[in-house]
Amino acid sequence: MTETEYKIYIDDVIRRVESARLKVNAHHIVKIVAISKYSTSDEIKNLYNIGQRAFGENKVQDLKTKSSELEELPLEWHFVGNLQKNKINNLLDLNPTLFHSLDSLELAKEIQKKCEAKNTTLDALLQINSAYEDTKHGVSPEDAKEIYNTIKKECPAINLKGVMCIGAKSEDKELVRKSFEITHNIYKELEDATICSMGMSSDFELAIECGSNMVRLGSIMFNFQLS
Ligand SMILES: *Cc1c(COP(=O)(O)O)cnc(C)c1O
């Protein structure tokens, strides 16, 4: 499709985000992070050209490659993947805008150590496994609040800004809703948390209805590309 057609297509995605957020209330603002993990730097540039600024990757090496290929553009980069301990320094060197997937106290303590050594900080979200799926990372909903507050206290180099979850992988909309509600209820109980990152291409409207204020949209943002 042409750039104009791509813009019309993306405007429609934005309109869907708009109507979902207006159902919550007029003051509920939702940010779109375009997850570019299956996309090339050229495709990211196409989306940038029609107005998108925030992008996210799930592998440190890909984040490094694409952010350096696109370094002349004023983009913000999010990291949404599972972070292995031996990649912490690499991630810190890339200075991401937000790390969405902090998934254990143990990892937080390692990040704290590396941040101290580099005299830097990291903005992050605590990932919650509110779908109770073995294949998903994240702390259990039962432990989330305590772990969140422990990280706040013991890891001052990590600026915890809220929570993240991946919705239940199910055709049953009520199960998906439940996983979002569990995360949002925890979010509401946290002191000075401002980001609730939930919702992907297949479930973002439901996530927003459940209180998400940051959606991570991959395939829906990149499916249709310029030819
Ligand atoms: C891939 C990915 C997304 C985007 O997925 P889509 O279904 O393509 O929108 C969002 N969040 C995380 C953590 C991901 O890994």
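Which residues are exposed on the other side of α5? Select E106, K113, E116 and A117: these residues of α5 are exposed. Exposed means over 50% relative accessible area, buried under 20%, and partly exposed in between, with a 1.4 Å probe and protein chains only. Helices (H or I, at least four residues) and strands (E, at least two) are DSSP runs, numbered from the N terminus.

Some ground rules come next. This is a predicted model, where local features need pLDDT of at least 70, side-chain atom pairs count only at pLDDT 80 or more, and totals for chains, interfaces and linings use all residues. Residues are numbered from 1 along each chain as its sequence is written, and side-chain values use heavy atoms, with hydrogens and water left out.

**Stop 1: helix α5**

Select residues 105-118. This is α5, with 14 residues. From first C-alpha to last, α5 reaches 20 Å, close to the 20 Å expected at 1.5 Å a residue. The expected span is 1.5 Å times one less than the number of residues.

Now colour L107, A108, I111, Q112 and C115, the buried residues of α5. They cover an arc of only 145° around the axis, which puts them on the same side of α5. The arc is that of the directions from the helix axis to the C-beta atoms. An α-helix has 3.6 residues a turn, so residues three or four places apart point the same way.

What covers these buried residues? Contact means heavy atoms within 4.5 Å.

**Stop 2: N119**

Step on to N119, which follows α5. N119 lies in the loop between α5 and β5. Its phi is near 55°, a positive value in a residue other than glycine. Most residues other than glycine have a negative phi. At 72% relative accessibility, N119 counts as exposed.

**Stop 3: helix α6**

Select α6. Its end C-alpha atoms are 20 Å apart, which agrees with the span for its 14 residues at 1.5 Å a residue. P141, A144, I147, Y148, T150 and I151 are buried here. Their cover includes β4, α5, β5, β6 and α7.

**Stop 4: C165**

Find C165 in the loop between β6 and α7 (173-189). C165 counts as buried, at 0% relative accessibility. Leave aside its neighbours within four places in sequence, and its contacts include S179, F180 and T183.

**Stop 5: N82**

Go to the loop between β3 (76-79) and α4, where N82 sits. At 38% relative accessibility, N82 counts as partly exposed. Beyond four places in sequence, N82 is in contact with N58, S101, D103 and H137.

**Stop 6: the largest pocket**

About 940 Å³ of space lies in the largest pocket. On a 1 Å grid over the protein atoms alone, a pocket is an open set of points where a 1.4 Å probe fits, with protein on both sides within 12 Å along at least five of seven lines; lining residues have an atom within 4 Å of a point. The volume is the space filled by probe spheres set on the points, which are joined across faces, edges and corners.

Select K37, N58, V80, I166 and M200: of the 38 lining residues, these are the closest to the centre of the pocket. Then show α3, which gives the largest share of the lining, three residues.
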